[in-house]
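Have the model open as you read.

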Amino acid sequence: MNYYVDVEPGVSLYVEDTGVGQPILFVHGYPLDHRMYEYQVNQLPKYGYRCIQLDLRGFGKSDSPWESYSLDRMADDVRYIIDTLGFKEITLAAFSMGGSVAARYMGRHAGHGVNKLLLFAAAAPYITKQPDFPQGMSVEGLDALIALANRDRPQMLQEFGKLFFHNEPTPAFRQWFDSVQLDQSPRAIIACGHTLRDENVLADLKRIKVPAYIFHGVYDRICPFELTIIMKDTIPNSVLLRFDNSGHAIFYEELDLFNACLLEALKH
């Protein structure tokens, strides 16, 4: 079942709703959309899970307003989805920038309606270098990507996309992956680049009170594995799941292991 949810005047977000059972709300990363979860959503309904896939504003089939791509606004969008669909106990599962959105949701809305949090290669609490975190991307590097998006977006996405994989996928998968990136709103690509550069969710991580599972690839070149130490130390009673042969694209690079760990986390 597919439908749209109005989150503010003139802005509707696309949702795909698959399966029956315990609900999971999937939030995609940058610069992708709900389709990144294809190989999870094709399996989970067999085990009694209902998969709710959201396209964030500016991505996939959702509307693309000119403004309002802050983490606060996108977290509020998640609240609209949860309230509109009437969920009281849902698992929130989020990848990369979606992990930042999910963390902000947990802080800003006190985890309303969420009873479990799954963070996949999360861009949390930040992805840029900090005084005590030299492993992140430089602000200058992100600025260069944003500048390139303003003059040659396909080239920027191609370069950014290369950072996703530790193990190069098949040419066919790479072609599909690149096509998904190109489908996204140019405005959202640039605006969310600024959001990733400028915002952090450290305070939000401290407010997470539900069971949290941190999935992360050792060879992640976008959200360095060192971020897991901060997340694990900051989120009370969190569990770290380490993927030793993956980069950023853990949802695909170690697909069988990822799905097995996902099912195990959902059961607990």
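Strands β7 (residues 212-217) and β8 (residues 239-243) run parallel and are joined by five bridges. Here strands (E, at least two residues) and helices (H or I, at least four) are DSSP runs numbered from the N terminus, and two strands pair if DSSP finds at least two bridges between them. Gly 217 has Phe 243 of β8 as its bridge partner. Together with helix α9 (residues 227-234), β7 and β8 build a right-handed β-α-β unit; right-handed means that, with the strands pointing away from the viewer, the path from the first strand over the helix to the second runs clockwise.

Before going on, some bookkeeping: this is a predicted model, in which local features need pLDDT of at least 70 and side-chain atom pairs count only at pLDDT 80 or more, while totals for chains, interfaces and linings use all residues. Residues are numbered from 1 along each chain as its sequence is written, and side-chain values use heavy atoms, with hydrogens and water left out.

Now zoom out to the sheet. It is open and mixed, with eight strands in the order β1-β2-β4-β3-β5-β6-β7-β8. The edges belong to β1 (2-8) and β8, each with a single partner strand, so one side of each has no neighbour in the sheet. On average, neighbouring strands are turned by 20° against each other, direction ignored. Further in, β3 (residues 22-27) and β4 (residues 49-54) run parallel with six bridges, and Leu 25 has Ile 52 of β4 as its bridge partner.

Helix α11 (residues 255-267) packs on the sheet and touches β3, β4, β5, β6, β7 and β8; contact means heavy atoms within 4.5 Å. The direction of α11 makes about 160° with that of β6. Angles run from 0 to 180 degrees between N-to-C directions, and axes are lines fitted to C-alpha atoms, for helices over the stretch in contact.

What about helix on helix? α4 (residues 139-151) and α7 (residues 186-198) pack at about 175°, axes 10 Å apart, and are therefore roughly antiparallel. On the angle scale, under 35 degrees is roughly parallel, over 145 roughly antiparallel, 65 to 115 roughly perpendicular and the rest oblique. The residues in contact include Leu 142 and Ile 146 of α4 and Ile 189 and Ile 190 of α7.

By contrast, α5 (residues 153-162) and α6 (residues 171-182) pack at about 130°, also with axes 10 Å apart, so they count as oblique. Among the residues that meet there are Leu 157 and Phe 160 in α5 and Phe 177 in α6.
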